[in-house]
Amino acid sequence: RDGAKASPKIAALLAEAALDLTPATSVTMKSEGVLLVLGRDETAIQAAKKLAGRLSPTVVLSGRAEEIPAPALMDVPIFRGHVRSASGHLGAFRVEVENFAPANPSSRGFLAFAAAGGGGVSECDLILDIRGEAALFPGGEKRDGYFRPDPGNPLQVADALLKLADMVGTFEKPRYIAYDGAICAHSRSQKIGCRRCLDVCPAGATAPEGKGIGDGIRYNAHVCAGCGLCAALCPTGAASYQLPAGGGLYERLRVVLGTYAKAGGKAPVLL
C-alpha cells in the first residue's frame, strides 16, 4: 500500500547511515534471548516456562532438591548449583557455578539431580535472579539485562517477566563518560595516587587498567549507568560527563530531512 512512498524514506535512511559522526557517543548491546534464571524453588521453573515462548531460558536452582516438585514436563533445562561469580552486561553475561549438576529428566515427585560435578559456566544475554539473596553485581538495579525482583512479591516478578519478554534485539545506550588518560592522576611510576572514581562508582564500571599498577582507569561503557559521580569527583578532569551530542543530532536531522525532500518526499514524520 505504501510502496510508492518508500523511495524518499529509504533514500533518507541510507544517507543517514553513511554519516561518519565521531567520536561515538553510544554503545550497542545485542541480545539473542538466552536467559539464565537463578532461583531456589519451583518459582524459578514456572518463570522460565512462561518465558520459553519468547526467550531461551535455563534454570539453575540452589535450593534443596527434595523440596522442589518435579515439573510434569521437562521443557526447560534445569540444573542445580551455587553461583560463584558473575560478570558482564546485557548480551554478554558470564556466570560461574560450582557443584553443577543437571536434573534427571525422569524425576518423579521431587526433582532428582545427577551427582554434583565441579563447576560450570553459563554465557547468557539476560539474567533473572529470584534467589532472594544479595545481588550478583554492585548496584545491581543499574546493570542492564539483570533483573532481581523480590521472589516474595508476585507483582515484581510478573513485571520483570513482562520486561524480559521484549529484551531481544540490538539495544543502544549513551557513552556517558569521556576519559582522558593523559591527565589521569590514578597512578604514575608504580605509585597509586587518586582512587576517587574507583571508590565511588556504584555500578562497578571502573577498574585499574591492566593487571598490575597501571597508569590509568578502564571505563566500561556497557556497564556505566550514567550517574556522573566519577566526573563530579575527578580532580583533574580526566573523567568528564558527555552531554547529549546536539551537534551530531542536528546534522542527522539535516541530512535525513534534506535527502527526503530532494527525493520528492512530502510532510515527513520523525520518530
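The legends below describe close-up views of a predicted model.

Local features are given only where pLDDT is at least 70, and side-chain atom pairs only at pLDDT 80 or more, while totals for chains, interfaces and linings use all residues. Residues are numbered from 1 along each chain as its sequence is written, and side-chain values use heavy atoms, with hydrogens and water left out.

**View 1. Tyr179 and Tyr219 form a tilted aromatic pair.**
Rings of Phe, Tyr and Trp (its six-membered ring) count as a pair if their centres lie within 6.5 Å; planes under 30 degrees apart are called stacked, over 60 edge-to-face, and the rest tilted. Tyr179 belongs to strand S10 (residues 177-179) and Tyr219 to strand S14 (residues 217-219), so the pair ties together parts that are 40 residues apart in sequence. Strands (E, at least two residues) and helices (H or I, at least four) are DSSP runs, numbered from the N terminus. Tyr179 is partly exposed, at 28% relative accessible area. Here buried means under 20%, exposed over 50%, and partly exposed in between (1.4 Å probe, protein chains only).

**View 2. Phe93, Phe137 and Tyr146 make up one aromatic cluster.**
Across the whole structure, the search finds 5 aromatic pairs.

For Cys224, the nearest cysteine sulfur is that of Cys230, 6.1 Å away.

**View 3. Ala15, in helix H1 (residues 6-17), is in contact with Val255 and Thr259.**
These contacts (heavy atoms within 4.5 Å) leave aside neighbours within four places in sequence. The C-alpha atom of Ala15 is 9.0 Å from that of Arg252, which is 237 residues away along the chain. Ala15 is partly exposed, at 22% relative accessibility.

**View 4. Ile10, Leu13 and Leu14 form a nonpolar surface patch.**
Together they have about 290 Å² of accessible area, calculated by the Shrake-Rupley method with a 1.4 Å probe and only the protein chains shown as cover. Patch residues have over 30% relative accessible area and no salt bridge; nonpolar side chains (Val, Leu, Ile, Met, Phe, Trp, Tyr) are joined within 5 Å, and like charges within 9 Å. A salt bridge is a side-chain nitrogen of Lys or Arg within 4 Å of a carboxyl oxygen of Asp or Glu. Ile10 lies in helix H1 and is partly exposed, at 41%.

Terms used. A disulfide is a pair of cysteine sulfur atoms within 2.5 Å.
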